[in-house]
Amino acid sequence: MEVVEDLYKNREPVPEMKAVYFITPTTKSVDAFIADFKSKPKYKSAYVYFTDYCPDDLFHNMKLNCAKYIRICKEINISFMPQEAQVFTCDNPGAFQSIYSPNSQDRKKTLETLADQLVTLCATLDEYPGVRYKKDANMENAKILAELVDNKLSRHYTLDDRTKKKEKTQAQLLIVERGFDPVSPILHELTYQAMAYDLVDIQNDTYKYKSKDGTEKQALLNEDDMLWVKLRHKHIAEVSEQIPKMVKEISASKKQPDGKITISNLAQMMKKMPSFRKQLTAKSVHLQLAEDCMKHFSNNVEKLCKAEQDLAVGLDADGGKVKDPMRTLLPVLLHPYSTYDRIRAVLLYIFSLNGTTDENLSKLIQHVKIEAEREFILNWKELGVPIITSPSFFSRKPSRRDRSQEEMYNLSRWTPGIKDVMEDAVENKLDTREWPHQSECPTAWNGSGAVSARQKHKSSAQDERRTGSRLIVFVIGGISYSEMRCAYEVTQAVKSCQVIIGSSHILTPNSLLDDIKFLSKGPVEIFTIEEKNNV
């Protein structure tokens, strides 16, 4: 018998069973573990696996109180969450406040923890990457984190018995801050996964819905659902078209080709029924979820998308320049969209201009009727994003890749900035002035053997050298689902290099806006929240 239970919850003692503990090396976890054995042992024995290095004081405390019950005690170095095949998180949404709040008292500590987690990621993948970071005149978190990671990697790969270090592997780690691209996590995305998490209430990757007969059902959206994996990065138009076709195919495959019913045919069908049922259940979940997405789309989002895309890209669907962004924004403000949707549109307008005047911003805030909650907009400055600028101020927007030849939907013309970075990195086109090397990169990432991430290419010597190499991209302050998709798209196009993307946590547009608003709250309130979590 196998039971998985939460360490912090009340559990029934099972003194005849052995227990495997998979825990973080924190005082809270260790105290809970000790409590299981101190007075009356809950289990026969314990096999303890720590996700990371366990400090000596905690280890001695365990030894002192429960040594005779511990059969195994190991540190397995995996203090990150593998979210998807090419996505990881540090499972720490609170890092956003710790790093970006002007009242934060644990910024350095948080960056240290993220660095330790990145080192365990590299160790688990058996990679010793070259480290680079995005240079920013106003923000230095990426630089600090790059230094920390590089030093910790160097220490980790220095062998104890000799001073010989592990050689660099064919990997590169890029570190960038959330303010690098404020547009992508705010836009309404129309690819299936990003759209679903934005518009439908999905908590802990669980989608709750009512089936046709009115019963409450729920489905887990993860890598075990092969249909989800197949559809999640497709445009909603393709998803809506493909699922009904798949249902028909399954139904058709159940029928006998010659229509004759024999005992052996029936036996075959009975054997196949559970798998048919399973397949149809998976399809019906996605039929329902895609329908939910489309309902939101036709009610509100479709009209919003055109304005958002024009503001984000700076061009309309015909390729004409958007000369007056205010004309694009006004219809959105005059329509009774939700407050969040209008804030998102106002932000895209401000981002498109690289900041606006104080006077103009005050008018916009009155329009959206958020006078009491200006922080939704103003606090972006804490991420280094220009919000209020003087009329004479002119800052150059980063140049973007020309994607005019790529096929795209009119309402999905925006490409996340991180995709440009991934492609440039793979093609060795990252400018060293913008992306300084914190440490030397391995040979496969040097030289000019450019590998196009967008065109089919003949394999070059460099391409051969880089086969099996990895590009790891870490975004400080959260990643959006559309940015996660880019890692798969670039890997798919290049084949010789796997792109992995990670962050402290995954964002949805509304969760990011809530985080932004909360940045200006004082340390007292932040402290209270932490206190609640520790109780």
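1. On average the chain has a pLDDT of 86, and 84% of the residues reach at least 70. (pLDDT is the predictor's confidence in each residue, from 0 to 100.) Over residues 447–451 the pLDDT is below 50, though this stretch still has twelve contacts in the model beyond near neighbours in sequence. Residues 455–463 also stay under 50, with 16 contacts beyond four places in sequence. Contact here means heavy atoms within 4.5 Å. Where pLDDT is low, the predicted coordinates should not be read in detail.

2. A word on the ground rules. This is a predicted model, where local features need pLDDT of at least 70 and side-chain atom pairs count only at pLDDT 80 or more, while totals for chains, interfaces and linings use all residues. Residues are numbered from 1 along each chain as its sequence is written, and side-chain values use heavy atoms, leaving out hydrogens and water.

3. Now the sheet. Three strands form an open sheet in the order 1-2-3, with parallel pairing. (Strands are DSSP runs of E, at least two residues; helices are runs of H or I, at least four; both are numbered from the N terminus. Two strands pair if DSSP finds at least two bridges between them.) Strand 1 (14–23) and strand 3 (70–75) are the edges, each pairing on one side only. Strand 2 (residues 43–50) joins strand 3 over five parallel bridges, and V48 has C73 of strand 3 as its bridge partner. Helix 2 (residues 56–66) packs on this sheet, touching strand 2 and strand 3, and its direction makes about 175° with that of strand 3.

4. Next, look at helix 11 (residues 339–353) and helix 12 (residues 358–368): their axes come within 10 Å and cross at roughly 160°. (Axes are lines fitted to C-alpha atoms, for helices over the stretch in contact; angles run from 0 to 180 degrees between N-to-C directions.) The two helices are therefore roughly antiparallel, a label for angles over 145 degrees. On the helix 11 side, T339, R342, I343, V346, Y349 and I350 meet N360, L361, L364, H367 and V368 of helix 12. By class, that contact has seven nonpolar, three polar and one charged residues.

5. Finally, helix 6 (residues 192–199) packs with helix 16 (residues 481–494) at about 165°, the axes being 8 Å apart. This pair is therefore roughly antiparallel too. Q193, A194 and Y197 of helix 6 make the contact with Y481, S482 and M484 of helix 16.

Terms used:
Angles under 35 degrees count as roughly parallel, over 145 as roughly antiparallel, 65 to 115 as roughly perpendicular and the rest as oblique. Ala, Val, Leu, Ile, Met, Phe, Trp, Tyr, Cys and Pro count as nonpolar, Asp, Glu, Lys and Arg as charged, and the others, Gly among them, as polar.
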